[in-house]
Amino acid sequence: MLEARELLGPAVGTKEQNRRKLIIEIMIKADQQSILARRLGISGASVSTAVAELVKKGIVEVEHRQKGDPVRLATTRGVALGIDLGFRRMAVIARPVDGAFETIQSAIEIEGANRGFTQLLPRLMGLIRTVVDGTGQEMGDVVSAGLAVPRMIDPRSGRFTTPVLPPWSETDDPAASLEKLLGVRVAVDNDANLGAMAEQTYGLEKPLETVVYIKASTGVGAGIMIGDKLVRGERGMAGEIGHLTVDRDGLVCLCGGRGCLDTLVGAEALISQVRQAGRRDYRLPNDLRALIDAAQKGDAACRRIVTDAGRMLGFALAQLCNLVNPRLVVIGGELAAARELVVDPCRQELQRYALGGAVADDGRFELRTSQLNALAEAHGALILGLRAHQQENPGEGASGGVVSN
Ligand SMILES: [Zn+2]
């Protein structure tokens with residue numbers, strides 16, 4: 001049986017390196033050659049030549065041997081990990097590198113970085129062991145890992161970009177800590193960025209050129225893909241829509257700003273609105289999940305809070321749509337569980353405040369909730385972890401760093 005560790009090992013020369021990049025893309029998702037070419041940014045002819053060689057070597061297989069059929073990895077030992085470490089929850093997924101999307105093993109726990117990362121690590125490692133076990137392979141078979149965090153990550157260093165908002169601090173380096181425990185390189189990026197990457201890869205039949213992913217949970221973040229590439233900005237601050245000022249006279253935000261979107265639609269803001277409504281006749285929902293449940297069951301106050309959040313999100317998104325003109329906007333994160341309760345008012349406000357052409361209902365704009373649900377960010381982390389092996393000098397720099405795509 002092939003070993004992923006060997007396939008991902010050092011590659012000498014441009015040709016070998018390009019073969020390795022192709023193998024990694026196939027590990028991420030078995031796809032048609034034309035889509036693999038697009039994901040790699042190389043010509044279809046180059047992919048075709050490389051695939052023919054890899055088929056000969058028994059590394060990949062083309063179903064039915066027809067052009068247009070997906071290229072798959074031959075049976076290979078190795079597991080890829082994706083870790084999403086949120087404020088109040090963590091999700092871990094593992095997938096055999098030769099396995100289809102459906103072979104993913106996942107585990108979610110309602111406990112997150114708010115507990116403190118060091119205290120959380122043993123629980124996180126426990127979840128990782130559970131999902132790796134589920135694949136039928138062992139911890140020693142893990143070949144890659146990616147980590148999603150709801151913070152800005154400097155794309156050059158792979159460290160938190162300052163200012164680092166609580167509960168994290170500047171000295172924290174969760175990727176490096178995990179790296180020591182796992183014995184493999186751990187690449188890290190902002191969770192909304194990774195959500196966008198996952199939607200682009202697994203949420204669509206074919207990649208679209210401009211895609212925006214919104215993660216709305218404790219805070220709100222956006223992952224922006226333009227021309228198939230993630231836009232991170234100079235210091236990883238691109239897409240920080242949660243800190244877009246939507247009310248100049250609003251409440252002060254954790255970031256030091258005033259009237260940021262987070263102060264209106266972040267989980268804490270929504271929960272505090274329930275408290276402010278002063279309902280004494282029933283148990284107040286004390287987390288976003290419970291608030292959404294109550295709204296869906298018809299509780300008038302909770303319904304109002306959730307639909308107004310959708311409205312405010314739509315107002316902020318209208319500015320983003322005018323700036324980047326996405327083909328697809330996907331709403332993910334905990335708030336997305338409210339489905340049409342949040343999407344409908346969001347769409348109405350988009351239509352009200354964005355340029356008509358940017359959000360027209362003519363097949364060139366779409367707004368929907370994530371089909372990857374609670375695992376979008378973890379899927380993106382899995383992709384990031386594998387892609388980290390596409391870099392030529394994985395030993396360089398701080399842990400992880402981020403890759404070009
Ligand atoms: Zn802010």
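This is a predicted model: local features need pLDDT of at least 70, side-chain atom pairs count only at pLDDT 80 or more; totals for chains, interfaces and linings use all residues.
User: Angles under 35 degrees count as roughly parallel, over 145 as roughly antiparallel, 65 to 115 as roughly perpendicular and the rest as oblique. Which of these describes α2 and α13?

Analyst: Residues are numbered from 1 along each chain as its sequence is written. Helix α2 (residues 13–28) packs on helix α13 (residues 376–387) at about 165°, with the axes 9 Å apart (lines fitted to C-alpha atoms over the stretch in contact, with angles from 0 to 180 degrees between N-to-C directions). The pair is therefore roughly antiparallel.

User: How many charged residues does the contact of α2 with α13 have?

Analyst: Ile24, Met27 and Ile28 of α2 meet Ile383, Leu386 and Arg387 of α13 (in contact means C-beta atoms, placed from the backbone, within 7 Å). By class, five of these residues are nonpolar and none polar, and the number charged is one.

User: How many helices and strands does the chain have?

Analyst: Both are DSSP runs, numbered from the N terminus: helices are H or I with at least four residues, strands E with at least two. The chain has 13 helices and 14 strands.

User: What radius of gyration does the chain have?

Analyst: Along its principal axes, the C-alpha trace of the chain spans about 70 × 50 × 40 Å. For 405 residues, a compact globule would have a value near 22 Å (the rule, over C-alpha atoms, is 2.2 Å times the number of residues to the power 0.38). The chain agrees with this, at 21 Å.

Methods:
Two residues are in contact if their C-beta atoms, placed from the backbone, lie within 7 Å. Ala, Val, Leu, Ile, Met, Phe, Trp, Tyr, Cys and Pro count as nonpolar, Asp, Glu, Lys and Arg as charged, and the others, Gly among them, as polar.
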